[in-house]
Amino acid sequence: MSEEASSSDGNGKVSRVFRIGTRKSQLARIQTDSVADKLKELYPDIHLEIVAMSTIGDKILDTALSKIGEKSLFTKELENALERNEVDLVVHSLKDLPTTLPPGFTIAAVLKRENPHDAVVLHPKHVGKSLDTLPENSVIGTSSLRRAAQLKKRFSHLKFKDIRGNLNTRLKKLDEKEDFAAIILAAAGLRRMGWENRISQILEPEDCMYAVGQGALAVEVRARDNDILEMLSVLHDPDTVLRCIAERAFLRHLEGGCSVPVAVHTEVKESQVRRLYLTGAVYSLDGSDSLKETMQTSIAPTAADKCVEEVDERVQRVGVTASKICGESQNAAERLGIELASLLLGKGAKEILTVARQNNEAS
């Protein structure tokens with residue numbers, strides 16, 4: 001184990017340096033910087049150092065993500081650094097984090113969710129059009145089985161082709177070649193990069209539901225580091241935490257991942273009793289076979305309210321430790337995800353996903 005880093009503030013006072021691990025891409029750095037900025041606002045005397053590294057998913061660019069067969073494509077190297085004490089916390093896109101974390105790790109913060117929907121980015125020559133109005137057989141680029149399955153069914157006049165690379169690379173492939181009429185990207189990433197002007201269309205849930213955890217940032221730490229857990233706990237956004245616990249519980253119970261098309265939509269509705277709604281769906285690769293259901297549960301009047309029970313800090317729910325958020329609401333969210341997954345499994349979801357996985361491996 002390496003020793004903890006420290007620095008002097010010039011007055012002879014030595015304080016600990018917290019090292020933040022991140023991927024090297026521009027988007028990952030922007031996301032990590034946003035978390036660092038929030039920590040500096042909350043703790044003005046904090047010393048932070050950012051450590052960037054490449055992951056398997058960054059290095060393998062000629063193969064579809066769903067075919068690589070590795071669940072931790074964008075997280076493994078970062079977690080290895082965390083385990084070796086080379087970094088103290090790691091910033092991820094929550095959708096990249098498997099629903100079961102390696103032993104000894106936990107998600108200490110889930111920040112307020114950016115727009116979780118998918119966006120259409122058109123080739124410059126098609127500006128002003130939408131997926132509905134693109135010419136017959138136009139090719140749409142997406143690296144996601146989930147997006148392709150939903151959109152093939154909804155927009156049968158279009159063709160879908162895999163496209164890999166970070167946001168910058170994919171936009172370059174779109175703009176500089178004639179291979180694609182449009183590409184589908186997460187709206188959150190485009191907005192964080194300052195490229196909102198490239199968004200031609202936001203896909204509503206009836207056209208394309210999003211990935212589990214999409215649009216939310218997560219900070220992963222060593223579960224034993226109680227001081228860091230406590231420091232980061234104030235970054236949790238209560239409603240985002242509850243929505244993402246429900247989504248992750250749904251995916252975990254389905255035993256899904258990026259090699260099968262699974263999609264969700266969640267929202268918290270205010271009324272006399274606050275309710276969390278979860279819609280979940282599974283699809284065949286071409287979208288022709290699917291199952292989709294919605295369930296709901298009541299949650300605390302405001303998610304940040306203390307419930308009668310004290311939350312046990314050692315309790316993780318689908319990898320998330322949120323000791324300052326009502327435990328009853330967290331349990332309700334986790335149960336909601338499990339119950340919705342059980343409902344779909346009872347209707348044949350396992351068969352759909354098994355065939356989708358086999359077809360993906362064979363194609």
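**Strands, helices and burial in a predicted model**

Author: Strand 4 (residues 89-93) and strand 11 pair in the antiparallel sense over five bridges. This is a predicted model, in which local features need pLDDT of at least 70, side-chain atom pairs count only at pLDDT 80 or more, and totals for chains, interfaces and linings use all residues. Residues are numbered from 1 along each chain as its sequence is written, and side-chain values use heavy atoms, with hydrogens and water left out.

Reader: Which other strand is joined to strand 11?

Author: Strand 5 (residues 105-110) is joined to strand 11 by five bridges, and the two run antiparallel. Here V110 stands opposite A218.

Reader: What makes strand 11 largely enclosed by the rest of the structure?

Author: A residue is buried under 20% relative accessible area, exposed over 50%, and partly exposed in between (1.4 Å probe, protein chains only). Six of the six residues of strand 11 (residues 217-222) are buried, and therefore the strand is largely enclosed.

Reader: Why is Q31 called buried?

Author: Q31 has a relative accessible area of 5%. The limit is under 20%, so Q31 counts as buried. Q31 belongs to helix 1 (residues 26-42). Leaving aside residues up to four places away in sequence, Q31 touches V91, S93, R192 and L217, where contact means heavy atoms within 4.5 Å.

Reader: What makes strand 8 and strand 10 edge strands of their sheet?

Author: Five strands form an open sheet in the order 8-7-9-6-10, with mixed pairing. Strand 8 (159-161) and strand 10 (201-202) each have a single partner strand, so one side of each is left without a neighbour in the sheet. Helix 5 (residues 145-154) packs on this sheet, touching strand 6, strand 8 and strand 9, and its direction makes about 125° with that of strand 9. Such angles run from 0 to 180 degrees between N-to-C directions, with axes fitted to C-alpha atoms, for helices over the stretch in contact.

Conventions: Pairing = 2+ DSSP bridges. Helix = DSSP H or I, 4+ residues; strand = E, 2+ residues; numbered from the N terminus.
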